[in-house]
Amino acid sequence: MGRTYVADDTVQKYLSSLHTAGGVCITGLLIGQLSLQRDYVLLSTKTPHRDSDGPGEGHSSSGLLDDADLEWATEHAKQVSQMLPGGMSVLGVFLIVPPELSKEAPSTLRRLVFAIEKHISKGRLWDLTEEDITERVTLQICSKTKKALCRSFDIKDPKSSAKPADWKYQPVSSSSWPLVTCTVALDLQISLPLKSLDDICIKEGLRSWANRIKAAVCLINGKLVADESELVPGQKKNPKMGKQKFQVQVLLQTLEDMGSSAVTQCCRSFISIRGAVHCRAYLQPNKPRAKHAVEAIRKDLMNTVSCRVNMLMEDLLMNEFNDQGVMTGVQPLPHRVFVALPASDFRLCDYVFPDESIADVAERLHEMLDSRVTEESIDSSLEPTHAKTPMSSRTADPIQHSRASKQHIEAPKDIKKSNMQQYYTGDFYIPLLIYIYIYIYIYINRTVVI
Amino acid sequence: MVLVDDGAMILRLGGGLEFLCQLDVSDASQRQLEVSRSFADLRSRVKAESLVFSLTDSALFIWPNKSFQASLDDVDESTACGELLQSEDDDGGGKKKKKDKKSPVVNLRFMMEITEPTEPSAPCLYRENKKHHCIRMVLPMDCVVTVRSDETFGSSCKRLLRALSTQLSEMEAVTLRHMKDTDVPVPRPFHFSLPTSTELVTIVYPASVDDKGLESFRKELHNRFELPDDRPYFRRSNAFHFPDEPYKTREQNYHHYMQDRMDDNGWGCAYRSLQTICSWFRQQGYMERTVPTHKEIQQALVDVGDKPAAFVGSRQWIGSIEVQAVLSHLLGVTSKILFVSQGSELPSQGRELANHFLTEGTPVMIGGGVLAHTILGVAWSETSGKIRFLILDPHYTGGEDLQTITDKGWCGWKGPEFWDQNAYYNLCLPQRPKAI
């Protein structure tokens, strides 16, 4: 019995709008929600263009995807997965191939889907459990006939083979999907012992915080609800109920006894992470249970914290690399903003550093999700904001910084390219102007001489 | 004794609070201030709106600092505490647990809510690169209030909050008093029931200091509560046992033949009886070392000069005199010896034995004929002279099966006919040491 994937009509529209030129394939992501009965595909986006110096794009002699393409696609998947609220995830991939390359498509899809899952789960504070659905979808579309072949793989089993799956298009009304939200106050204290590595300690600290979150009691709309009980009893009777909203409260259990003496460690550094973060999750509309709501919010909370801390750490590392020294004092964590995609009620999110602007967010959304959003539709009010930090406290090059969170993961060629642009800007035109000036001078003098 | 009379119940609040403190590496004088500051921070945390009380095994959550918000609609500030006993059963499943209705202890745990912050601030990471000692421990909070069952839940919660704050202050005092440099003992509360008080008294002890080291503190407590100096009330083993708690340690351990892989079938009964007595002293807190093995008992007798060196490792019997000697040497316990020339005369010792159990309460070793036993109690009627003895028989060679042990009478009440009517018996009556 294969899985059923119900894809929204907008997905169909998008996939048919993608045209390939010549013998070129297009890879992309399928985004939505996994559930026991069926999986919903709500959004799809192609892998963004990777600037390569080579002649062709995405097509090399060694199969449909070379290693650089694969790395690019998995990085794109990771970036996109960080833009998804709770309950939503990257369900799988699609591949549009010309008929002559369709033989290699299944193995490429398999490579892609496993690599993406591996990359996305790196650094995650939670692991897949028995309760989680581990099937991922691959959609192979022939660029000529537009025929789609849908298969699924169990990413828990590295040796799993493709299983046939059903793919059908159906309008998915986002308004009937229950929404679960909460605002969480963070208070993490991490000590860094002598002779320890920063990132290992921080990872440890995040992990022990995540364990407390996993053990925490979650109340839904102020009450303790049994795991298996339905969130919205009798929903089928009233389909026009409007969006159901649920507020979750997270209560941390107290800690276990430690013994007869306090633990004393000699430490070189101390890190404290504080502030309020907004968490959001969507639940599929078919009889969602309390445990789904709780799991979705928990995962969203853990993801948003680990994502932001990692982004900040990478940013600080870049600054250290540029001789700014180890950052101390208060560092603002990126701020979470939410934006509804056109023709959908689902809000995706993005993270903004204090010196980035809403325009940067719009641009990133366009690049990552191939979607145009207006700046007005970006909601930055759900979390308290920092005061804008002056440019001088960040790296000297504003262009380099505004893409800092993305730049280090782009292929190194891009950094080189922007340096080259500077070269062009600075050192190319000045000699040219000099030549023009000399030419004019000679011309004028010649005329005078005559 | 704590009197839980009709209409009274105990509300017990527990939980672990994380204590975190950064101590300067070089400047020792600042350390006490830092510790005090961390405790002050914890005291303000328990006053925060994010503190939540949860009733164990139920769906009830209360925010005592947030105008008594509750997760169940039928519970509010004016709910009587007695009704909480009903709430404990009803966890939404509708199943009524087999609960001891006489048990008047309501257990609450505190938790911290991390959602809905009152003053949300933008998320930041703060880093300080300074060498320091990081002290981390979990404070095992344990507060108890005795309430009437018609007292409102709101007022009892207020009392619990005060108790929580007070306990933190007491923990601070104990920590400051007993910390050495960066070595910090965990302050642990114990509850005691005293003859001079109807409510439980809670004392905080540093976990890493043993009872011996706390003797002077106990003297102060005896003075404060006007208690006699000859018997302990404040040792850790004297702590009040809550009705709903499982027994952590039995009154004494049942030592019998063939235990601990020691094949002493036929010769070791007096040794086993002695071991049972030692375990009683250990449970009561008079002895901290482990119960002595056969070899250790024999060695003790050699050490006091009672037996030759060859005694160690032999299978020789010992009698009540030897038991007295070992108790004196290893535990510092003196014992009275009683002698009856005939087993039939034992009932006449009824008064003496009853008195012993009333005042000392220690198990009695009785040896005679060729057997030794342990007497744990006596039921004696002054008017009729009828007597029964609660005997723990060390001749049992079976496994640790309580059912068999009690069913077959290896531990049970015996009449005077149990004894060999013609044999003479020696009884060793250990005296409880006069110490606190």
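B:Glu226 sits in the loop that runs between helix 4 (215-224) and helix 5 (269-283) of chain B. I start there for its backbone. This is a predicted model, and the phi of B:Glu226 in it is near 55°, a positive value in a residue other than glycine. Most residues other than glycine have a negative phi. B:Glu226 counts as exposed, at 69% relative accessibility.

Is A:Asp370 buried, partly exposed or exposed? Its relative accessibility is 29%, so it counts as partly exposed.

Now chain A as a whole. Its secondary structure comes to 9 helices and 16 strands. Of its 450 residues, 48% count as buried. If you take the contacts in chain A with a separation of 6 or more, 76% of them are between residues 24 or more positions apart. The accessible surface is about 22700 Å², and carbon and sulfur atoms account for 56% of that.

Next, the sheet. Chain A has an open sheet of 8 strands in the order 7-6-5-4-2-3-1-8, with mixed pairing. Its edges are strand 7 (163-164) and strand 8 (166-169), each of which pairs on one side only. Helix 1 (residues 9-17) of chain A packs on this sheet, and it touches strand 1 (4-7), strand 3 (39-46), strand 4 (89-97), strand 5 and strand 8. The direction of helix 1 makes about 30° with that of strand 3. Within the sheet, strand 5 (residues 135-142) and strand 6 (residues 148-154) of chain A run antiparallel and are joined by 7 bridges. One residue pair to look at there is A:Thr138, whose bridge partner in strand 6 is A:Arg151.

How many of its 6 residues are buried? The count is 5, so strand 13 of chain B is largely enclosed by the rest of the structure. Strand 13 has antiparallel pairing with strand 12 (residues 371-380) of chain B, over 6 bridges. In that pairing, B:Gly377 has B:Leu390 as its bridge partner. Strands 12 and 13 of chain B form a hairpin with 6 residues between the strands, and B:Gly385 in that hairpin takes a positive phi near 80°. Strand 13 is also joined to strand 14 (residues 411-414) of chain B by 4 bridges, again antiparallel. There the bridge partner of B:Leu392 is B:Cys411.

Strand 9 (residues 201-206) of chain B is mostly covered, with 5 of its 6 residues buried. It pairs with strand 8 (residues 187-192) of chain B in the antiparallel sense, over 6 bridges. B:Arg188 is the residue that stands opposite B:Tyr205 of strand 9.

Last topic, charges. Over all chains, a search of the whole structure finds 39 salt bridges. I will go through some of them.

A:Arg274 forms a salt bridge with A:Asp187, with the closest N and O atoms 3.1 Å apart. A:Arg274 is in strand 12 (residues 263-282) of chain A and A:Asp187 in strand 9 (residues 179-193) of chain A, so the pair ties together parts 87 residues apart in sequence. A:Arg274 counts as partly exposed at 41% relative accessibility, and A:Asp187 counts as partly exposed at 31%.

A:Glu383 forms a salt bridge with A:Arg308, and here the closest N and O atoms are 2.6 Å apart. Which parts of chain A does this pair tie together? A:Glu383 lies in the loop between strand 16 and helix 7 (398-402), and A:Arg308 in helix 5 (residues 290-321), so the parts tied together are 75 residues apart in sequence. A:Glu383 is buried, with a relative accessible area of 4%. A:Arg308 counts as buried too, at 1%.

In chain B, B:Lys66 forms a salt bridge with B:Glu116, the closest N and O atoms being 3.6 Å apart. B:Lys66 is buried, with a relative accessible area of 18%, whereas B:Glu116 is partly exposed, with 33%.

There is also a network of salt bridges, which links A:Glu131, A:Glu228, A:Arg289 and A:Lys291.

To end on the nonpolar side: A:Leu432, A:Leu433, A:Ile436 and A:Ile440 make a surface patch of about 350 Å². A:Ile440 belongs to helix 9 (residues 412-449) of chain A, and A:Ile440 is partly exposed, with a relative accessible area of 41%.

Key
Residues are numbered from 1 along each chain as its sequence is written. Chains are lettered from A and ligands numbered from 1 in the order in which they are written. This is a predicted model: local features need pLDDT of at least 70, side-chain atom pairs count only at pLDDT 80 or more; totals for chains, interfaces and linings use all residues. Side-chain values use heavy atoms; hydrogens and water are left out. Patches are made of residues with over 30% relative accessible area and no salt bridge: like charges are joined within 9 Å, nonpolar side chains (Val, Leu, Ile, Met, Phe, Trp, Tyr) within 5 Å. Accessible areas come from the Shrake-Rupley method with a 1.4 Å probe; for residues, only the protein chains shown count as cover. A salt bridge is a side-chain nitrogen of Lys or Arg within 4 Å of a carboxyl oxygen of Asp or Glu. Helices (H or I, at least four residues) and strands (E, at least two) are DSSP runs, numbered from the N terminus. Buried means under 20% relative accessible area, exposed over 50%, partly exposed in between (1.4 Å probe, protein chains only). Two strands pair if DSSP finds at least two bridges between them. Contact means heavy atoms within 4.5 Å. Axes are lines fitted to C-alpha atoms, for helices over the stretch in contact, and angles run from 0 to 180 degrees between N-to-C directions.
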